[in-house]
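Hi,

Here is the structure I promised to pass on. Have a look at it first, and then read my notes below.

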Amino acid sequence: MSDAVLAPSTGWLLLAFFSAVWIFLGWWWGKKAQSLDGYMLAGRNVGLALGTATAMATWVTSNTTMAAPQLALQMGLWGMIGYSLGSMGLIFFAPMAERIRCLMPRGYTSGDFVRLRYGKTAWRVFLAISIFYGLGWLISMGMAGGILLNALTGIDYQVGMTVILVVCMVYTMLGGLYAVIGTDYIQSLLILVGIVVLAVVAYMRIGVGPVYESLLADRPGLVNLLLPAALMFLFNNLLFGLGEIFHSNVWWSRAFAFRSGVGMPAYLMAGVFWAPVPIVAGALALLVPALGMNVPSVDMVGPMVAAQLLGTTGAVVIFIVVFSSLASSLDSLLAATSDLVVEDVYRKHFAPEASEAKLRRMAVVTILLLSILAWLLCLPRLTHLAGMIAFTGAFVGSTIWPIAAGLYWRRTNPVGATVGMMAGSLAGLFCYFTVGWYVAALVGAAVSMICVLVTTLVWPRDFDWKLLQEEAEA
C-alpha cells in the first residue's frame with residue numbers, strides 16, 4: 001500500500017515483539033494447566049480482577065476497534081452509539097453467569113446446558129449455530145488482522161492475517177484458558193489506554209467545533225439522528241450483542257471458570273468499561289471530512305485517520321490497540337470453540353469414555369484445525385468487516401429467548417425452543433439478503449421470541465432443575 005505510514009520493517013518489528021510476548025506468557029501461564037479443568041476452565045478459580053479484564057478485553061474485538069469507525073462513517077452518530085449497546089450483552093449476562101455457576105457448578109460448555117435442558121435435537125441445532133457463529137467470528141478477526149497490517153505497513157493482507165492467526169493459535173495451544181485470561185489482563189490495559197489517548201489527542205488537535213462544522217457541510221447525514229437505517233441498526237446491534245453473549249461458549253466458559261460470586265460483578269464492570277470504547281473508536285471516523293481524506297475502503301478508516309493525524313506515533317498506537325483487541329478475542333474464541341467441539345461433539349458423540357489426557361490432546365488438535373480452517377476461509381477477502389459480522393446476526397439472535405427462558409422459566413417448551421432457533425435463523429437470513437444486513441439479528445430474535453412464548457404458554461413443560469447436575473457425574 002503506497003500511502004502506508006509505517007515501513008514494513010517497523011510493522012514486522014512490532015509484530016515480532018508482541019508475538020514473542022504473547023507466546024512466552026501463554027507458555028508461562030500454561031504451566032498451571034495440569035488438569036483438564038485447568039486447561040479448559042483455568043481451574044474454576046478466576047477472581048474478580050482477572051474476570052473483569054478477560055470479559056472486557058474479549059468483547060473489545062478487532063471488530064470493535066475497526067468496525068465501529070466504519071459504522072460511524074456509514075451511519076454517523078447512531079453507528080457508534082448503536083455499537084456501544086453491545087455492552088448490554090455483558091450487563092444482562094451478569095446475573096445469568098451467576099445462575100449458570102449455581103445451576104451447573106461442574107459444567108463445561110453452553111452445549112451441556114442446552115442438551116440437559118431441551119434434549120438432543122435442540123442441542124444439535126444449537127451446536128450447529130454456535131460452531132457456525134464461532135467460525136464467522138474467527139474469519140472476521142483474521143480479516144481484521146490482515147487489514148490492519150496492510151493499512152498501516154503495506155504488508156500483504158494474506159501474510160499479516162496468517163502471522164496473527166498462527167501467533168494466537170500457538171499461545172492458546174500452549175496454555176489453554178490460563179494463557180487466554182492472563183494475556184487478556186494485559187491486553188485490556190493496552191486497549192483502554194491506547195484508544196483513549198488516540199481520541200483525546202486527535203480532537204485536541206482539530207477541535208470539536210471544526211469537526212462538527214465539516215460534518216454539517218460535507219456529510220450532514222452523519223449527524224442526522226432520524227436516519228432510518230441507523231435507527232434499525234441501533235436495535236439490531238442491541239439484540240445482536242445479547243445473542244452473541246447469551247449463546248456463545250466464550251462467555252459460558254468464563255461463567256464456569258469464575259469463582260462463585262465473581263460472575264455477576266465481573267460481567268457488570270466489564271460492560272461498563274466496554275461501553276465507551278466503540279464510541280471513542282467511532283469518533284475517529286467523524287474526523288474524515290475535517291481532514292479531507294479519501295478512504296478507499298471503509299473498514300480501514302480507523303487506522304487511516306489515526307495514521308494521517310498523528311503520523312508514525314498514531315500508526316504505532318492503533319497497531320498496538322487493534323493487535324491487542326484482536327489477540328484477546330481470537331484466543332478466547334479458539335479456546336471456547338475447542339471446548340465445545342471436544343466436549344459436545346467428540347466426547348458426547350464418539351468417545352464418552354475418553355480419559356482427561358486424551359481430551360486435552362484433542363483440545364490442542366482442535367485449536368490447530370480451527371485455526372487452519374479459519375485461515376483457509378480468510379484467504380479470499382470476501383466482504384467488509386461489518387457485513388461479515390452481521391451475517392451471523394440471524395443465528396445468534398435466534399438463541400436469545402431459548403437461552404434466557406431456559407435458565408429462568410421452568411415450563412419453557414423444548415420443542416418451541418428448537419423451532420425458535422431454526423425459524424429465527426432462517427427468517428433472519430431471509431431479511432439479511434432481502435432487506436439489509438442491519439436487520440438480521442432483530443428479525444431472528446423476534447421470530448424466535450414468538451415461537452418460545454407461544455409454545456410455552458399453550459403447551460408448557462415442567463422441568464426439574466436438578467437434571468442440570470448430570471454433568472457432575474460424567
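A quick definition to begin: helices are DSSP runs of H or I with at least four residues, numbered from the N terminus. The expected span of a helix is 1.5 Å times one less than its number of residues.

Two bits of housekeeping. This is a predicted model, where local features need pLDDT of at least 70, side-chain atom pairs count only at pLDDT 80 or more, and totals for chains, interfaces and linings use all residues. Residues are numbered from 1 along each chain as its sequence is written, and side-chain values use heavy atoms, with hydrogens and water left out.

Now, helix H1 (residues 8-30): its 23 residues reach 32 Å from the first C-alpha to the last, close to the 33 Å expected.

On to the rings. Rings of Phe, Tyr and Trp (its six-membered ring) pair if their centres lie within 6.5 Å; planes under 30 degrees apart are stacked, over 60 edge-to-face, and the rest tilted. The count comes to 21 aromatic pairs. One of them, Phe93 with Phe246, is tilted, at 6.3 Å centre to centre and 40° between the planes. Phe93 lies in helix H6 (residues 87-103) and Phe246 in helix H11 (residues 228-247), so the pair ties together parts 153 residues apart in sequence. Phe93 is buried at 0% relative accessibility, and Phe246 is buried too, at 6%. Both belong to a cluster linked by ring pairs, which also includes Trp59 and Tyr83.

Cheers

Technical notes. Helices (H or I, at least four residues) and strands (E, at least two) are DSSP runs, numbered from the N terminus. Buried means under 20% relative accessible area, exposed over 50%, partly exposed in between (1.4 Å probe, protein chains only).
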